[in-house]
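Visitor: I would like to learn how to read a few features of a structure, one at a time. Could we take them in turn, with the general idea before the case?

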Amino acid sequence: MLDAYTIILIALSAAFIGILIAVVVFMGYLRKILSIASFMGPNATIFAISAKYTTEENINHLLEMTSVNEVISEIKKEGYEVEDVEKGDVEIEKSMLKMMDEVIAMLPEGVRQFSEVYMLKYDANIVKRILRAKHAGINKEKIYEMVYEGKHITKLIINHMVEATSVEDAIAALDVTPFKEAIDVWNESGNLSDVDMALDKIVMEKLVEAKSMLDEDSREAVEKIMAIMVDIFNIKTLVRGRALDEDVEKYIIPDGYELDSWKLKNLGESRSMEEMLGNLDGTSYSFLRDLKSTFEVELALDKFLLDKANELGMVYSTSSGPAMMFLISKEYEARNLKAIIKGFVEGLPKERISKVLVGVAS
């Protein structure tokens with residue numbers, strides 16, 4: 001038989017282990033509670049300033065207006081300041097980026113760092129805009145009106161690119177930016193389409209890497225939407241490659257949601273656009289199979305991504321879901337507003353404008 005001392009020792013050990021388990025469980029719950037609490041303020045703000053003009057009802061409300069000035073007055077209520085219709089695209093983008101910066105500054109550290117990497121895509125867009133303008137021979141004064149400073153594309157880099165005497169010299173300015181790989185792409189092909197795809201790939205790869213910044217409680221929503229974004233990036237890249245009759249295999253990124261390496265290889269080996277889209281049967285992207293043009297495919301994928309972002313924003317409403325929803329939907333809202341204003345200025349019919357908008361049923 002055990003003596004009294006041994007029994008007491010066993011009892012104390014059992015009690016200590018029980019307390020330790022309780023503390024570990026409590027700390028796990030406490031961590032989750034603290035994580036949820038850290039998202040409460042930012043997520044409340046996000047839902048309050050949602051991307052209003054990605055919903056059909058609100059888009060149609062704008063389209064039913066009688067003048068571009070009426071549209072501009074209406075969208076000002078949502079934070080979009082347009083003082084000069086001729087510079088409407090740039091002013092809408094800058095308003096969007098200001099809103100994004102304000103929300104990102106509120107986010108918990110890991111998601112904030114990830115979101116700052118997400119903003120690289122707007123730096124890439126500035127680079128693309130300058131390079132296309134240089135290639136098209138647009139005068140420097142006009143180019144300066146089309147661009148603005150980003151996170152990494154500073155005023156100095158913009159000046160270097162715009163003042164460059166050739167596209168090659170303009171691209172050389174990227175040597176001190178996250179986009180320096182684009183220099184080698186240009187040197188190898190001399191093709192701006194290749195540079196565009198390289199810039200997009202750089203952004204996607206940086207985002208995939210940035211998932212490591214996220215803690216356990218905020219990672220799941222980001223990983224799910226990022227996997228879908230990788231799939232969409234790969235489909236768009238393959239479709240563009242097929243349309244241009246170019247080999248785009250080097251721009252493909254692994255680790256998507258449904259399209260693994262063998263499936264992507266199968267898509268890439270398709271002999272036509274029709275065959276490629278048909279090979280998506282059995283995946284979530286089978287809705288593309290009846291589409292005919294690159295534009296139709298890309299617009300359908302954008303609508304799919306918006307729907308998924310909104311869905312995951314609600315499913316993960318107490319963590320990083322709303323942040324991802326906000327980043328994605330605000331981009332499409334700004335794009336819609338630019339298209340609507342341009343359509344009004346050019347006197348296009350409502351039906352024609354609506355066909356290029358994300359958030360309107362086809």
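Visitor: Leaving aside its neighbours within four places in sequence, which residues is Lys236 in contact with?

Guide: Bear in mind that this is a predicted model. Once neighbours within four places in sequence are set aside, Lys236 is in contact with Glu298, Leu301 and Asp302. Lys236 itself lies in helix H12, which covers residues 216-244.

Visitor: Is Lys236 buried or exposed?

Guide: Lys236 is buried, because its relative accessible area is 15%, where the cut-off for buried is under 20%.

Visitor: Which residues touch the most other members of the largest nonpolar core?

Guide: In soluble globular proteins, nonpolar side chains tend to be buried together. Here the largest nonpolar core has 116 residues, and Phe179 and Tyr285 are the ones that touch the most other members. Beyond four places in sequence, the residues that Tyr285 touches include Ile228, Ile232, Ile235 and Leu301, and Leu301 is also one of the contacts of Lys236.

Visitor: How do H15 and H16 pack?

Guide: Two packed helices are described by the angle between their axes and the distance between the axes. For helix H15 (residues 294-315) and helix H16 (residues 321-345), the angle is about 145° and the axes are 8 Å apart, with a left-handed crossing. Among the residues that meet are Leu305, Leu306 and Ala309 in H15 and Met325, Ile328 and Tyr332 in H16. By class, this contact has nine nonpolar, four polar and two charged residues.

Notes:
Residues are numbered from 1 along each chain as its sequence is written. This is a predicted model: local features need pLDDT of at least 70, side-chain atom pairs count only at pLDDT 80 or more; totals for chains, interfaces and linings use all residues. Side-chain values use heavy atoms; hydrogens and water are left out. Helices (H or I, at least four residues) and strands (E, at least two) are DSSP runs, numbered from the N terminus. Buried means under 20% relative accessible area, exposed over 50%, partly exposed in between (1.4 Å probe, protein chains only). Contact means heavy atoms within 4.5 Å. A nonpolar core is a set of buried Ala, Val, Leu, Ile, Met, Phe, Trp, Tyr and Cys residues joined through side-chain atoms within 4.5 Å. Axes are lines fitted to C-alpha atoms, for helices over the stretch in contact, and angles run from 0 to 180 degrees between N-to-C directions. A crossing is left-handed if the near helix is turned anticlockwise from the far one by less than a right angle, and right-handed if clockwise. Ala, Val, Leu, Ile, Met, Phe, Trp, Tyr, Cys and Pro count as nonpolar, Asp, Glu, Lys and Arg as charged, and the others, Gly among them, as polar.
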